[in-house]
Structure formats: C-alpha cells, structure tokens
Amino acid sequence: MSENKNEVHGYYTGDIHNQFVEEHYDPKNRAVIWRTFWILLAITLAEVSIAFTSISHNILIVVFIALTIVKAYFIVAYFMHLKHEKYTLIYSIILPFILILYLIVMALGEGNYIHFWDHVPFL
Amino acid sequence: MSAEATLTKEDSSKSIWGGGRSPFNISWGKMYMWFFLVSDAFTFSSLLTAYGVMRHRFAEIWPKAQEVFTHFPFVAGHLPLAYVGLMTFILIMSSVTMVLAVDAGHRRNNKAVALWMFFTIIGGFTFVGSQAWEWYHFIEGTEQGALIMPNGDHYRFTEGVKGAPEHALIAPNHTYITDAVEIAKIEKEGRPVHGANLTENEYGHPLFGDFFFFITGFHGFHVFSGVVINIIIYFNVLGGVYTRRGHYEQVEKVGLYWHFVDLVWVFVFTFFYLV
C-alpha cells in the first residue's frame, strides 16, 4: 500500500455495481479486539458472581440489564465495527430500536394488568 | 475487475453521491446484512418481550432459573449458572476468533483467515452441543420431580435447592411447606411429573418451558445456520475464492451475522438465567 496521503484506500466490490468501498486498516485492531474480549469476560463473570449475593433482587435486575446493555455496546461497536461506520448508517440502524423500548414499556405494563382479571368472578 | 484500489482525495470528496462509490461507504451486500439483522433483532425483541409479559403476569409463581439449571458435565452436585456461564464464554470466544478472521482479511492473509474461521466453526459446534445438553437435562428433570395437584398447582421437592429445609415441599409461590400432615395430603393427591415439555414443567409454570424451548431453540437454530454458513465461507477461503476476488467482504458479512448471534445470546442469558 502506498503512503500517499492524498489517496484513499479501498477496493471495488467486483460485482455488477462495482462500487468503491473505502477501507481503513489499523494494525492496532488486534489489541482492541482482545481488550474487548477481556471486558466482555469480566462483565459475564461479575454477573454470574453477583447473582448469588444477598443484594436485593430489584437492585440486581437493574444492574443486570445495565451490564447487558454495556456488553451489547461492546459487541456492536467493536466486533461488528459499527462505531467506525458513517453516522448516517449508525443512526439508521440504532434509531428503529426506539420502537422496541416503546413495545417493552407498553407490553410489560399490560402483563401486570392482565392480573387484574384474575379477581373478576365471571371471567 | 481490479481489487486493491485507491482514489485520490479530490475524487473521493466530490463524488460521494455522484455514483461509482458507496455513499454510506458500505457495499450493498453488507447493507443487506445489517438491515436483515435489524429485522431479526426485532423478532428476538418481540419474543423476549412476550416472555416478559407472561413473567409479569405470573410473577409470584414463575420458576427461578438458578433452581432449574444446576447441572454441570462430569460434576456431581449442583452448580447453578456455571454451565450457562461457560456457554456464554464459548460464544464470546468464537466471536473473538471471527473478528480476528475479519481482521486477517483486511490484511489479505488467506491462511490466517482460514485458521480463525476454523476455530469459529469449532466454537459454534461446541455451543450447539452445549445447548443440546442443557435441553436434555431440562427435559429429563430431577429424580424426585414435582407433584401436580388436580387444580394445576405445582409442589416441588427440595432436591437441588440451596438452603431448603429437609423433608419439605416448595409451594408454587416459593415458600416451604414443612407440616408433615399437609405434605402427606399433597403426596396423596398429587400426580408426579419429571422434567419439562410443552404442556408440563416440574419447575413451575408450563409457559416457562414453552418460552425456554422456543427462544433458546430459535437462537440455537440461528447458531446452527451460522455454523453452516461459516463452513461454506471456510471452504471458499481454502479454495482461494477471496484471494482471486481481492477482498474478504464475504467474511465480514458472515462475521456480522455471527456477532449478532452472540449479541442475542447476551440478552437471552440475562433475561432467562440471571434476572
């Protein structure tokens, strides 16, 4: 690969569209991969070990969900490389999940509400 | 068609929307994979949300996963969560080998890509095998099992439950029954069940088993298809297909799918086993 700063490296996809795709290769990538691995492993071990402590279950649920989201961030950002894609692509992938948050809030509330009908005699 | 290529900075800044190059700097194939994964993530989210709804509905009689999944291969006794923790480790590890294969592809190192792909396939098979083992023990159940009363209430024996008193039964709401007369009455009227299937579950509400089989089964199906796709790509790598093509984008695409499978497992692990 040439060192010319005025050039952008990449490849042509080689199919009928034959688009040019820019490629950045960073030799430090492998260090980042292993760092991500240790972080994920540490979080998983922490999760399994705090599951058996006497901490209140309600607090544990919040901690588990928070740690899960941290793990998801590391997998998507570094393993799936989304962090280094263009912002237009990042947002068109992440923003639809607002709908899932809405679904969770609505549906779990409904789950508690179905319970109400247990005490209605004619149902 | 040329493989390794360069554009000059001027060219590249002028023509982003002018055709000839990808505006999002991602090939159409990778774009397809990303949006397929978004839709697949919606499917899994819906399944896990449905699980959450039923769990809230039956909150006080829902089984505790720490009391259900307590087996570990070649080890007698009860090690709750240990095996599923190991499965999580195996899947994360195979994700690492996958991303190392993608990295080797960026370096155009065909041998390294093949080696890391091979390890990824091994990791995938190990995970699927572990899941089969987990299913076997869930279907088989404990030796003592549980008693189902004519009205559908479950009373479990205390086998494998940490901190439970001896000669006791566990009521559906997780309290212990130690009164000998009451125990005798339940043992007389109750029908024994062992393990879990789609209509019965010795550990508690049958919906727990239904969701477990469906969600981990659907995930396992994804892992299995991922392994099959990985094998196809592995043989392409061995055959030098990507050396001739000049880029390893196909490895990146299958890598995205494989990381997604790992990502889903992170959520299944939390919502089925931890919370």
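The area buried between domain 1 of chain B and domain 2 of chain B is about 600 Å², and carbon and sulfur atoms give 54% of that. Buried area here is the accessible area (1.4 Å probe) that two parts lose on being put together, summed over both. Welcome to a predicted model, in which local features need pLDDT of at least 70, side-chain atom pairs count only at pLDDT 80 or more, and totals for chains, interfaces and linings use all residues. Residues are numbered from 1 along each chain as its sequence is written, chains are lettered from A in the order in which they are written, and side-chain values use heavy atoms, with hydrogens and water left out.

**The two domains of chain B**

- By class, the side of domain 1 of chain B that touches domain 2 of chain B has three nonpolar, one polar and three charged residues; Ala, Val, Leu, Ile, Met, Phe, Trp, Tyr, Cys and Pro count as nonpolar, Asp, Glu, Lys and Arg as charged, and the others, Gly among them, as polar.
- Domain 1 of chain B covers 27–134 + 207–274 and domain 2 covers 142–194, with bounds from an automatic or database domain assignment.
- Taken over C-alpha atoms, the centres of these two domains of chain B are 37 Å apart.
- Seven residues of domain 1 of chain B are in contact (heavy atoms within 4.5 Å) with six residues of domain 2 of chain B.

**The overall form of chain B**

- Chain B has nine helices and six strands, taken as DSSP runs numbered from the N terminus (helices: H or I, at least four residues; strands: E, at least two).
- The radius of gyration of chain B, over C-alpha atoms, is 25 Å, well over the 19 Å that the globule rule (2.2 Å times the number of residues to the power 0.38) gives for 275 residues, so chain B is more spread out than a compact globule.
- Its C-alpha trace spans about 85 × 40 × 25 Å along the principal axes of chain B.

**Where chain A meets chain B**

- Contacts link 63 residues of chain A with 67 residues of chain B.
- Together, chain A and chain B bury about 6300 Å², 69% of it on carbon and sulfur atoms.
- Two salt bridges are counted between chain A and chain B, each being a side-chain nitrogen of Lys or Arg within 4 Å of a carboxyl oxygen of Asp or Glu.
- One salt bridge joins the side chains of Glu23(A) and Arg108(B) (3.1 Å, N to O).
- By class, the side of chain A that touches chain B has 35 nonpolar, 17 polar and 11 charged residues.
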